[in-house]
Amino acid sequence: MRSESGKSPVRVAVIGVGVLGACVGWNLSRRGAEVILIDAGRPGEGVTNWSFSWVNASNKTVRRSYFDLNVAGIAAHRELAGTIGPDAWWYPSGHLRWADDPAVEAKFLKTAELLGSWGYRVEMSTGAQVRRRLEPALALPDEVPVLLYPDEAWVHGRHLVDRLVGQVVAAGGELRSDTEVRDIGTGADGSVRTVVLSDGSRLDADIVVNAAGPGASHVAGLVARHLPMRREPGIVTRIDCPQVPIHRAMHAPHIEMRPDGDAAMVLHSREIDALIDTMDTLDTGEAAAELARLLHDLARQVVPELANSRIAQARVAHRPIPADGFPSVGAVPSVPGYYEAVSHSGITLGPVIGRLLAAEILDGQRDELLADFRPERFPR
């Protein structure tokens, strides 16, 4: 790293300050880099704030290398909690899953068997045992099989981002909120030199990290890079309740739920997400309100104590998923100084991607955990 050889510290512009950008910026800052965090809105208030925010590897079995990366993500969260403190953002209370359809049940039991063979902890219970030991508020049949993944967690993403950004700024880093990137300038050799912002300012930068989430394809285009992304919208709803009746993240039939502090819960459902495109005759607010009502109804069927809860917020957000469904992390060789940190499951992967990408930028270390997820698999 330059500062260790007596030269000026490397100057890094991180574009996008959701959980991925915040984790990258924090890891760079704590190792002496000069970090500029740039966000078109406010840090942590985009997709990070409208995510189910479930830290897991049990839903990541499509490729062993992706599973391994997510397992490393869980471990990196624990390490991060030990470094910055867990309060207000880290909730390692495990995750429950059960189904009301025999085919769905058979599928997740088969997945649990595979995960067990990979050394991932999973415990089997019945509905009656879960109500007695863990979640008395649930309405579920006594004999239904319920899986507990004890090492999984949920994260309050906005609080985590606030904590990391605060430490970057306290260490001398810079935060530019409500500011879009209009251009990325390159030198005669094609390497990154400057970042031009919507307020007219031009920042010198040795490195640019594209962590712009749903806007990552646009940012990539500023360096003539093609980053294909999926269109995959999802709706998340927050409900207020006098007292949160559940204690952990869970996938119940047709609905997933988790606490969100002492008096709120977060609701999401892939089945409800599938209805988003059928509601294009409504404006965005009307569509979100109608989908939120459906989510609320599903949640009250699983947790009868939510009868008096109310919908507080709902938003349709676009998930930042590269076209093949896997992260794009690391250097783009055709543009020296340009790196990507673009992924779905940013909540799970943020701390590990932040650590690995900082090491790649500052030390040139290309970790094998990222071997299958490098940007060069997408041709420029």
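# Reading strands, burial and contacts

Trainee: How many bridges join strand 13 to strand 20, and in which sense do the two run?

Mentor: Two strands count as paired if DSSP finds at least two bridges between them. Here strand 13 (residues 207-210) and strand 20 (residues 338-342) are parallel, with 3 bridges joining them. Within that pairing, Val208 sits opposite Tyr338 of strand 20. As for the labels, helices (H or I, at least four residues) and strands (E, at least two) are DSSP runs, numbered from the N terminus. Before you go on: this is a predicted model, where local features need pLDDT of at least 70, side-chain atom pairs count only at pLDDT 80 or more, and totals for chains, interfaces and linings use all residues. Residues are numbered from 1 along each chain as its sequence is written, and side-chain values use heavy atoms, leaving out hydrogens and water.

Trainee: In what order do the 6 strands of the open sheet come?

Mentor: Read across, the order is 9-2-1-13-20-19, and the pairing is mixed. Strand 9 (174-176) and strand 19 (328-331) are at the edges with a single partner strand each, so one side of each has no neighbour in the sheet. From one strand to the next, the twist averages 20°.

Trainee: Is Glu340 buried or exposed?

Mentor: Burial is read from relative accessible area: under 20% is buried, over 50% is exposed, and in between is partly exposed (1.4 Å probe, protein chains only). Glu340, which is part of strand 20, comes out at 0%, so it is buried.

Trainee: Which side chain makes a polar contact with the side chain of Glu340?

Mentor: The partner is Arg225, at 2.9 Å. A polar contact is a pair of N or O atoms within 3.5 Å; within protein, one must be able to donate a hydrogen and the other to accept it, and residues adjacent in sequence count only if both atoms are side-chain atoms. Leaving out residues up to four places away in sequence, Glu340 touches Arg225 and others, including Asn210, Leu227, Val329 and Leu357.

Trainee: Where does Arg258 lie?

Mentor: Look in strand 16 (residues 255-259). With 1% relative accessibility, Arg258 counts as buried. A polar atom of its side chain lies 2.6 Å from the backbone oxygen of Phe52. Beyond residues up to four places away in sequence, the residues that Arg258 touches include Phe52, Trp154, Arg238, Arg248 and Ala249.

Trainee: Which residues of strand 15 are buried on one side, and which on the other?

Mentor: Ala249 and His251 are on one side, Met250 and Ala252 on the other; all of them are buried, leaving both faces of strand 15 (residues 249-252) covered. Strand 15 runs parallel to strand 5 (residues 95-97), joined by 3 bridges, and Leu96 has Met250 as its bridge partner. With strand 16 the sense is antiparallel, again over 3 bridges, and there Ala252 has Ile255 as its bridge partner. Strands 15 and 16 make a hairpin with 2 residues between them, and His254 in the turn shows a positive phi of about 75°.

Trainee: In what order do the strands of the open sheet of 3 strands come?

Mentor: The order is 3-8-4, with antiparallel pairing. Strand 3 and strand 4 (90-91) are the edge strands, each pairing on one side only.

Trainee: What is the relative accessible area of Val62?

Mentor: It's 68%, so Val62 is exposed. Val62 sits in the loop between strand 3 (54-55) and helix 2 (64-84). For contrast, look at Val165 in helix 5 (residues 157-170): its relative accessible area is 8%, so Val165 is buried. Apart from neighbours within four places in sequence, Val165 is in contact with Val17, Ala22, Leu37, Pro43 and Leu175.

Technical notes:
Axes are lines fitted to C-alpha atoms, for helices over the stretch in contact, and angles run from 0 to 180 degrees between N-to-C directions. Contact means heavy atoms within 4.5 Å.
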